[in-house]
Amino acid sequence: VFFNSLHGEFILDDRYMIKDNPRVHSWRFVPDYFTEGVWHNSGLADLDEVGGVYYRPLHLLLLRGTYAAFGSNPFGYHVVSLLLFLANVALVYFIARKLLEHAGQRDDIAAAAATLIFAVHPTHTESVAWISGATDPLAFLFVLASFRFYMHSVERGSRGAFAASILCCALGLLTKETV
């Protein structure tokens, strides 16, 4: 459904966050990702009127890693966004399957149908097609992984899975404030 986004360009905040942002062009700024907010680490850092305190070091790290791999080619960023979304789709399927199983109704078709609705829902368009919107699928990946690890820890009494759940939740908190 989102394959056509692979050929999109940098739009809106993408220019300030990636294309014209020296802070994602060099590894030397990575420590700042964890000590300063998003706007300080953007191409808008010098503008006094930019407000808001967004703390998203893992999103900035994703942008830095993607820049290291693809430079200023928007195609690579779109591939990364699409891969994050597809990982979320897979996790939604496995979680839906497990929830149905716990309800005593293991039904792969119902899990696939729920996943299909998630996968094609138009509400995901912005977070998949807009490069700077990758913060949403990245944060959701950590939320879903945290939930799945928690489910596993409850099923099996696994302290390791519980610790992985807490770690994924913490990573989600370092990705987007709404986590």
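Author: We will take a helix, then ring pairs, then charges, then one serine.

Author: This is a predicted model, in which local features need pLDDT of at least 70, side-chain atom pairs count only at pLDDT 80 or more, and totals for chains, interfaces and linings use all residues. Residues are numbered from 1 along each chain as its sequence is written, and side-chain values use heavy atoms, with hydrogens and water left out.

Reader: How do I read a helix? What does H3 reach from its first C-alpha to its last?

Author: Start with the naming. Helices (H or I, at least four residues) and strands (E, at least two) are DSSP runs, numbered from the N terminus. The expected span of a helix is 1.5 Å times one less than its number of residues. Helix H3 covers residues 57-70, 14 residues in all. H3 reaches 20 Å, close to the 20 Å expected. Just after H3 comes Gly71, with a positive phi of about 60°.

Reader: Which residues of H3 are buried?

Author: Buried means under 20% relative accessible area, exposed over 50%, and partly exposed in between (1.4 Å probe, protein chains only). An α-helix has 3.6 residues a turn, so residues three or four places apart point the same way. In H3 the buried set is Pro57, Leu58, His59, Leu60, Leu62, Leu63, Arg64, Thr66 and Tyr67.

Reader: What do the buried residues of H3 pack against?

Author: They pack against helices H1 (14-19), H2 (30-33), H4 (74-102), H7 (135-156) and H8 (159-173). Contact here means heavy atoms within 4.5 Å.

Reader: Now the rings. How many aromatic pairs does the structure hold?

Author: First the rule. Rings of Phe, Tyr and Trp (its six-membered ring) pair if their centres lie within 6.5 Å; planes under 30 degrees apart count as stacked, over 60 as edge-to-face and the rest as tilted. The structure holds seven such pairs. Take Phe2 and Phe85: the ring centres are 5.1 Å apart and the planes stand at 85°, so this pair is edge-to-face. Phe2 lies in the segment before H1 and Phe85 in helix H4, so the pair ties together parts 83 residues apart in sequence. Phe2 counts as buried at 7% relative accessibility. Phe85 counts as buried at 5%.

Reader: What is the geometry of Phe10 and Tyr77?

Author: Their ring centres are 5.5 Å apart and their planes are at 65°, so Phe10 and Tyr77 are edge-to-face. This pair also links distant parts of the chain: Phe10 is in the segment before H1, Tyr77 in helix H4, 67 residues apart. Both Phe10 and Tyr77 are buried.

Reader: Which residues do ring pairs link into a cluster?

Author: Phe2, Phe85, Phe118 and Phe140.

Reader: Rings can also meet charges. Where does the charged end of Arg64 sit?

Author: A charge sits over a ring if NZ of Lys or CZ of Arg is within 6 Å of the ring centre and within 35 degrees of the ring normal. The charged end of Arg64 is over the ring of Trp27, 4.3 Å from its centre. Arg56 lies over the face of Tyr54, at 4.7 Å from the ring centre.

Reader: How many salt bridges are there?

Author: Side chains of opposite charge can pair when their charged atoms come close. The cut-off is a side-chain nitrogen of Lys or Arg within 4 Å of a carboxyl oxygen of Asp or Glu. The structure holds eight salt bridges. One joins Arg97 and Asp108 at 3.3 Å, N to O. Arg97 is in helix H4 and Asp108 in helix H5 (residues 108-120), so the bridge ties parts eleven residues apart in sequence. Arg97 is partly exposed at 24%, and Asp108 is partly exposed at 37%.

Reader: Which residue does Lys98 meet in a salt bridge?

Author: Glu155, at 3.4 Å, N to O. That pair links distant parts of the chain: Lys98 in helix H4 and Glu155 in helix H7, 57 residues apart. Lys98 is buried at 14%, whereas Glu155 is partly exposed at 28%. Arg97, Lys98, Glu101, Arg106, Asp108 and Glu155 are linked in a network of salt bridges.

Reader: Last one. Where is Ser42 found?

Author: Ser42 is in the loop between H2 and H3. Ser42 is buried, with a relative accessible area of 4%. Its side chain reaches the backbone oxygen of Trp39 at 2.9 Å. Leaving aside neighbours within four places in sequence, Ser42 is in contact with Tyr16, Met17, Asn21 and Arg23.

How values were computed:
A polar contact is a pair of N or O atoms within 3.5 Å; within protein, one must be able to donate a hydrogen and the other to accept it, and residues adjacent in sequence count only if both atoms are side-chain atoms.
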